[in-house]
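Here's a quick briefing on how one protein chain packs together. Have a look at the sequence and the model, then work through the points below.

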Amino acid sequence: MRWPSESSSGPFRWLQAAHGFFKLPPSANTVRYCESVVKYATNNAKSFAKGGFLMQGLQLFFWRLRVLVRAVALTTYIAWFHHRGRGVVRNLTRHPRGSRSWSDKTRGRYIWRVARRFWAQPIINLARARIEVIGRGYLDDTGICVVAANHESAFDIPLAVGIIEGGRFIVKKEIARLPVFGKAALHGGQIIVDRSNNAQAVVAIKAGLVVWPNARLVIFVEGTRTRTGEMGPFKKGAFHIALDTKLPIVPMAISNAFRVLPPNSIMRVTPDVHVTVEFGKPIIVHASDTVLSLMTETRAQIERMRARHAARASP
């Protein structure tokens with residue numbers, strides 16, 4: 001790794017001095033953090049000229065730290081102490097599945113409503129992101145559907161929860177290992193699939209649709225977050241589901257979320273980014289359609305919508 005050229009002065013000198021004293025090469029995360037501060041300073045040159053580069057860099061660092069602490073505290077509170085001190089996860093685990101207890105449908109509706117009201121919007125507000133939603137009428141008029149979205153950032157999760165009503169995620173099994181989100185997914189009626197085992201994924205999805213058939217299925221069709229900001233290849237799972245169930249597909253294009261929270265470091269949150277979420281025209285599934293045709297049409301719509309907003313930049 002190499003230091004960004006702008007880091008030879010300003011608030012990065014102490015970082016370079018520390019690495020030089022201990023004869024350590026710059027770590028990937030340290031360099032990425034320096035690059036993000038330099039980029040933010042470049043986009044806000046006038047403000048930095050007035051307040052001084054060092055002071056503005058420190059302000060950005062402490063703002064990011066405050067966002068991280070508040071996001072973790074909020075998530076922990078909702079998971080373990082929300083609703084009369086019981087918490088979402090406690091409520092879910094205290095009601096084991098059974099004929100006289102909560103069904104997956106009840107679990108899913110409960111956790112989605114709580115997350116939508118008490119978690120997603122506060123997280124968006126913490127990041128100081130400016131959200132614009134276009135084409136919501138396509139989603140509202142379609143009803144039960146498969147929402148096929150591109151995946152730019154971890155910030156896409158609160159975006160989807162906050163915007164889509166009555167949704168349900170289809171998530172990879174790796175999510176189940178996360179401390180809080182894993183329990184929420186396992187006990188909250190979400191559909192867990194193994195991306196390396198197509199047979200298991202098909203069985204899990206079909207079983208999930210039987211117990212809760214009237215939820216909007218939210219799927220990030222790339223399968224994982226982009227590392228470059230560009231869309232990756234689409235996975236076939238969402239389109240197999242649409243073909244089997246004949247549910248319409250509503251394309252969902254997320255633009256600029258990558259700039260709010262790039263991969264690999266939560267300490268690189270950038271404020272005041274204009275994020276656009278646009279829903280495309282529903283794709284009605286016919287008997288003559290194929291996985292490839294549905295995938296091609298969905299990708300074309302998402303690419304067109306993202307291209308319209310790609311030129312937008314934060315002030």
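Two residues are in contact when they have heavy atoms within 4.5 Å of each other. With that in hand, leucine 159 touches Ile124, Ile131, Ile254, Ala257, Val275 and Val277, leaving out residues up to four places away in sequence.

This is a predicted model, so local features need pLDDT of at least 70 and side-chain atom pairs count only at pLDDT 80 or more, while totals for chains, interfaces and linings use all residues. Residues are numbered from 1 along each chain as its sequence is written, and side-chain values use heavy atoms, with hydrogens and water left out.

**The big picture**

- The protein has 13 helices and seven strands; these are DSSP runs numbered from the N terminus, with helices being H or I of at least four residues and strands being E of at least two.
- Of its 315 residues, 47% count as buried (buried means under 20% relative accessible area, exposed over 50%, and partly exposed in between, using a 1.4 Å probe and protein chains only).
- Take the contacts between residues at least 6 apart in sequence: 72% of them join residues at least 24 apart.

**The nonpolar cores**

- A nonpolar core is a set of buried Ala, Val, Leu, Ile, Met, Phe, Trp, Tyr and Cys residues joined through side-chain atoms within 4.5 Å.
- The largest one has 48 residues, and Val147, Phe155, Leu159, Ile164, Phe169, Met252 and Phe279 have the most contacts inside it.
- Helix 6 gives this core its largest share, 10 residues.
- Apart from that core lies another, of 29 residues, including Ile191, Leu247, Val285 and Met305.

**Helix 6 meets helix 8**

- Helix 6 (residues 104-126) and helix 8 (residues 156-163) pack at about 125°, and their axes are 8 Å apart. Axes are lines fitted to C-alpha atoms, for helices over the stretch in contact, and angles run from 0 to 180 degrees between N-to-C directions.
- That angle makes the two helices oblique to each other (under 35 degrees is roughly parallel, over 145 roughly antiparallel, 65 to 115 roughly perpendicular, and the rest oblique).
- Among the residues that meet are Trp112, Trp119 and Ile123 in helix 6, and Ile157, Leu159 and Ile163 in helix 8.
- The residues of this contact divide into 12 nonpolar, one polar and one charged. Here Ala, Val, Leu, Ile, Met, Phe, Trp, Tyr, Cys and Pro count as nonpolar, Asp, Glu, Lys and Arg as charged, and the others, Gly among them, as polar.

**Helix 11 and its surroundings**

- The axes of helix 11 (residues 237-245) and helix 13 (residues 291-309) come within 9 Å and cross at roughly 120°, so helix 11 is oblique to helix 13.
- Phe239, His240 and Leu243 in helix 11 meet Val291, Leu294, Met295 and Thr298 in helix 13. That contact divides into five nonpolar residues, two polar and no charged.
- In helix 11, Ala238, Phe239, Ile241, Ala242 and Leu243 are buried.
- How much relative accessible area does alanine 238 have? The value is 4%, so alanine 238 is buried.
- Setting aside neighbours within four places in sequence, alanine 238 is in contact with Val146, Ile219 and Val221. The C-alpha atoms of alanine 238 and isoleucine 219 are separated by 6.6 Å, with the two residues 19 apart along the chain.
- Just after helix 11, lysine 246 takes a positive phi of about 60°.
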